[in-house]
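User: I am new to this structure and would like a close look at a single part of it. Please keep the answer plain.

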Amino acid sequence: MSNRAKVAVGGVAVGVILLWLLPFWAALLVIVGVPVVAYLALDPSQRKRLGRVTRKQLDR
């Protein structure tokens, strides 16, 4: 199993646990908020590089 698949499985597991433990709006806020905060924590050069990588993967 690749690292990317492990992260995806872990993210789904955390999302399901949060939906079970927290009210829906709070779980949704955490599930959406964490990736947004992580993206905003990148500096502009890292954001550009991330954009180039994702576009290259879309071209395949």
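In which helix does Leu28 lie?

Analyst: Leu28 lies in helix 2. This is a predicted model, in which local features need pLDDT of at least 70 and side-chain atom pairs count only at pLDDT 80 or more, while totals for chains, interfaces and linings use all residues. Residues are numbered from 1 along each chain as its sequence is written, and side-chain values use heavy atoms, with hydrogens and water left out.

The protein chain has three helices and zero strands; helices (H or I, at least four residues) and strands (E, at least two) are DSSP runs, numbered from the N terminus. Helix 2 covers residues 24–40 and has the highest confidence, at a mean of 86, where pLDDT is the predictor's confidence in each residue, from 0 to 100.

Leu28 is partly exposed because its relative accessible area is 40%; buried means under 20%, exposed over 50%, and partly exposed in between (1.4 Å probe, protein chains only).

Leu28 also belongs to a nonpolar surface patch of about 810 Å², whose other members include Leu19, Phe24 and Leu50.

For the chain as a whole, 8% of the 60 residues count as buried.

Key:
Patch = residues over 30% accessible without salt bridge, like charges linked within 9 Å, V, L, I, M, F, W, Y side chains within 5 Å. Areas by Shrake-Rupley, 256 points an atom, 1.4 Å probe, with all protein chains shown as cover. Salt bridge = Lys/Arg side-chain N within 4 Å of Asp/Glu carboxyl O.
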